Amino acid sequence: FLIILVWRELMKNIKQRLRQFITANGGNTAEIARQMGLKETYLGSVLSKESKGLSATMIIGFAKAGFDVQWLLTVEENVKRQEDLINSLERILGREK
């Protein structure tokens, strides 16, 4: 259960980062999807639905388009936020470190 919550939070943050990237690069989701080798509808669906996560295909496409995958996936504030989430959940569940 804890892993699922952390995974959802991570996906939410990565999607937000991808949205920021799209906005910073003109806001054209169709063009970014094209550069990634994806259909706009697929990228839009992943970004708009909380239940969908980024696939390896999307991450590879991001890299093939020359975008910075490390920037997309490594968000320092996300790491801290996720550690805080884990610690809070462990306290709630009575598994304090």
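Select Leu 47 and show its neighbours. Leaving out residues up to four places away in sequence, Leu 47 touches Lys 15, Leu 18, Arg 19 and Ile 22. Contact here means heavy atoms within 4.5 Å. Leu 47 lies in helix H3. Leu 47 counts as buried, at 11% relative accessibility. The cut-offs are under 20% relative accessible area for buried, over 50% for exposed and partly exposed in between, with a 1.4 Å probe and protein chains only. Now pick Ile 14. The C-alpha atoms of Leu 47 and Ile 14 are separated by 9.7 Å, although these residues are 33 residues apart along the chain.

**Before going on**

This is a predicted model, where local features need pLDDT of at least 70, side-chain atom pairs count only at pLDDT 80 or more, and totals for chains, interfaces and linings use all residues. Residues are numbered from 1 along each chain as its sequence is written, and side-chain values use heavy atoms, with hydrogens and water left out.

Colour by pLDDT, the predictor's confidence in each residue, from 0 to 100. The mean for the protein chain is 83, and 88% of its residues reach 70 or more. Among the elements, helix H2 (residues 29-36) has the highest mean pLDDT, 94. Helix H6 (residues 76-92) has the lowest, 70. Where pLDDT is low, the predicted coordinates should not be read in detail.

**The whole chain**

Switch to cartoon. The protein chain has 6 helices and 0 strands. Helices (H or I, at least four residues) and strands (E, at least two) are DSSP runs, numbered from the N terminus. Along the sequence the pattern reads α-α-α-α-α-α. Of the 97 residues, 32% count as buried. Take the contacts with a separation of 6 or more: residues 24 or more positions apart account for 60% of them.

**H1 against H3**

Select residues 2-24 for H1 and residues 40-48 for H3. These two helices pack at an angle of about 130°, with their axes 10 Å apart. The axes are lines fitted to C-alpha atoms, for helices over the stretch in contact, and angles run from 0 to 180 degrees between N-to-C directions. That angle makes H1 oblique to H3. Angles under 35 degrees count as roughly parallel, over 145 as roughly antiparallel, 65 to 115 as roughly perpendicular and the rest as oblique.

Show side chains. On the H1 side are Lys 15, Leu 18, Arg 19 and Ile 22, which meet Leu 43, Val 46, Leu 47 and Ser 48 in H3. The residues of this contact divide into 5 nonpolar, 1 polar and 2 charged. Nonpolar covers Ala, Val, Leu, Ile, Met, Phe, Trp, Tyr, Cys and Pro; charged covers Asp, Glu, Lys and Arg; the others, Gly among them, are polar.

Stay on H3. Its buried residues are Leu 43, Ser 45, Val 46 and Leu 47. H1, H2 and H4 are included in what covers them.

**Phe 62**

Move to helix H4 (residues 56-64) and select Phe 62. Phe 62 is buried, with a relative accessible area of 1%. Beyond residues up to four places away in sequence, Phe 62 touches Leu 18, Phe 21, Met 36, Phe 67, Asp 68, Val 69 and Leu 72.

**Glu 50**

Finish in the loop between H3 and H4, at Glu 50. Glu 50 is exposed, with a relative accessible area of 70%. Glu 50 and Arg 8 are 42 residues apart along the chain, and their C-alpha atoms are separated by 8.0 Å.
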